[in-house]
Every structure is written in structure tokens, then in C-alpha cells.
Amino acid sequence: MPVLNILVAFNGSASSVSALKYAAMLADRDEAYVTAILAHTTHDVIDRKHRWIPAQAAALIANANDEVINKIEAKFIELSTELDMGDRLTFRRTSGRIDDLLARTARSFDLLIVGQHLDNDDEHITLHPDRIALISGRPVIVVPADFSLSGTHSHVAVAWDGGRAAARAVSDSLRILEDEGKVSLLTVRGTDNPPVDDLLQHLSRHGTDAIHHDLPRVTSIGDALVNFCKRQDATLLVMGAYEHSKFREDFIGGVTATVLRDTKIPVLLSH
């Protein structure tokens, strides 16, 4: 099934600009529609609606918030002219709990594309792609800042451990894998991986002839995946997110956290 309806989280950061350009590249293939959404909190240190807040102070807080949002929308308008998608590219703004809002909205789209989380993002507009992938029920593509790709994917790497999340990621990415290009199926030695013959046959029946690579685990699974993508010039990594609990990954680290921190290419996450 073609990807025809794409949601992009756009907050004006360098990585969200890359995400929007990446979405436009995907949309060109099937004449798809792209909706850019600016999800933001009210960013109030104090409740400006409280009765003891002077009206003038409340107005200053509101104006400061509006200025940030308006600058982001102006950046979108500038980019939309460059992308030249006409009415296939639209913009909306909405406030609330950012990760939850994006996850709920994404459920009515084919996929969500977001920029890589940066430590210097304003908390007013910051988002967490890993959390969104965990709760959205839709594939999430995370695009690093300054990433650019002309044309379609030339080399897609698929991380496979036989788990539920990995199976979901393969299914969610089939439309991309069916494009012309190289596909590498990655397993990591020393892990409890099932045989890959059935999966290779499954991909073949979808028109994708993947090559299996069993990677050495030098330090961690995440490092093995990232290093392969660097060495082999992969243009997209497909993987399941959080086969372990989100708390465990946050507390002691894990594959998802390592990949999202260190990768220089887009990552498609499913859970």
C-alpha cells in the first residue's frame, strides 16, 4: 500500500527542517499529502490566568509565546515555497502535551516523521521520538539534523531479532523496501535470533531481494547497527522500538536509545 498521507512534526529546529524536506521527498514518489504540525506547550512558568497576575504581565507572557510560534510558522512558509508542493502541503498549530498530542494525531496518518531530539531544543517545542513511537501505533521516522537525500532510498538496513516490534517494523516499511535499491537484513551474533530464511522469502515475495548480514557484537547491539550503517552507507535503518520496557531503556540504556543518539541517517521505528 502506498504512503499517501504523511504527518510531520515541525518545530523550527534544524532537525525538523530536515524532517520536512525528507517528507517532501517521500511524498514526491506517490503524489502524497504532507501535513506539518507545530505541537507546543504554553511554556508558562506561572499561570498567567491567575487573578493575582497583573494584566500587563499576562499580556507580555502571551506575546512572548506568540512570537516564538509565529517565527516557526514563518519558517514553514519559507520552506513551503522552496518545496513547491502546492495544496499537498499544509500547516497546523496546536497546543498540549507534545508527545501525546503527536501520537494521537499520527493515528490518522500513514506515518509520522520527526526530527532527531536535540539537547538544546526549547522545552516549549521539544519532542521525544522514542516515546511517540511507543504510544502512537504508527511508524515513526526520525530524521537527524542536516540530513539530506536526493531521490529514493538506495540502501535500507533492517534490524531483525525475531521480536514483535521488529516484525511490525518490517511490515510498516514494506512500501519503502519495495522501491528499487539495496536491502540488508541485519542480525547480531550472540543474541537469540531465529532463522532468517522465512523472512528473506517473505521479502522476496514482495519484490525485495535482501542480503543477510550477521554482525559481530563488539560492544553493544546498538553500536553494531550504527557501525554497519556507517560502513555500508545505508540511507535508512528500520528497527523495532523498545522490545524491553521504556523505563529499562531510560535507566540503563538500550538499542533504541543508542541508535537514536548516534545514527546519522533516518531511522524508522515501530512498536
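The largest cavity has a volume of about 40 Å³. A cavity here is a set of points, on a 1 Å grid over the protein atoms alone, where a 1.4 Å probe fits but cannot get out; the volume is the space filled by probe spheres set on the points, which are joined across faces, edges and corners. Ten residues line this largest cavity, and N11, S13, S15, G115 and L127 are the closest to its centre; a lining residue has an atom within 4 Å of a point. The lining comprises two nonpolar, seven polar and one charged residues, where Ala, Val, Leu, Ile, Met, Phe, Trp, Tyr, Cys and Pro count as nonpolar, Asp, Glu, Lys and Arg as charged, and the others, Gly among them, as polar. One cavity of 30 Å³ or more is counted.

## Basis of the model

This is a predicted model, in which local features need pLDDT of at least 70 and side-chain atom pairs count only at pLDDT 80 or more, while totals for chains, interfaces and linings use all residues. Residues are numbered from 1 along each chain as its sequence is written, and side-chain values use heavy atoms, with hydrogens and water left out.

## The sheet

Ten strands form an open sheet with mixed pairing, in the order β3-β2-β1-β4-β5-β10-β9-β6-β7-β8. Strands (E, at least two residues) and helices (H or I, at least four) are DSSP runs numbered from the N terminus, and two strands pair if DSSP finds at least two bridges between them. The edges are held by β3 (89–95) and β8 (211–215); each has a single partner strand, so one side of each lacks a neighbour in the sheet. From one strand to the next, the twist averages 25°.

Strand β2 (residues 33–40) runs parallel to β3 and is joined to it by seven bridges. V34 has L89 in β3 as its bridge partner.

## Helices on the sheet

Helix α8 packs on the sheet and touches β6 (155–159), β7 (182–188), β8 and β9 (236–240), its direction making about 155° with that of β7. Helix α10 also packs on the sheet, touching β5 (140–143), β9 and β10 (267–270), and its direction makes about 160° with that of β9. Contact means heavy atoms within 4.5 Å; axes are lines fitted to C-alpha atoms, for helices over the stretch in contact, and angles run from 0 to 180 degrees between N-to-C directions.

Helices α8 (residues 221–231) and α10 (residues 255–262) pack at an angle of about 35°, their axes 8 Å apart. In this contact, I221, G222, D223, L225, V226 and K230 of α8 meet V255, T258, V259 and D262 of α10.

Definitions and conventions. On a 1 Å grid over the protein atoms alone, a cavity is a set of points where a 1.4 Å probe fits but cannot get out, and a pocket is an open set with protein on both sides within 12 Å along at least five of seven lines; lining residues have an atom within 4 Å of a point.
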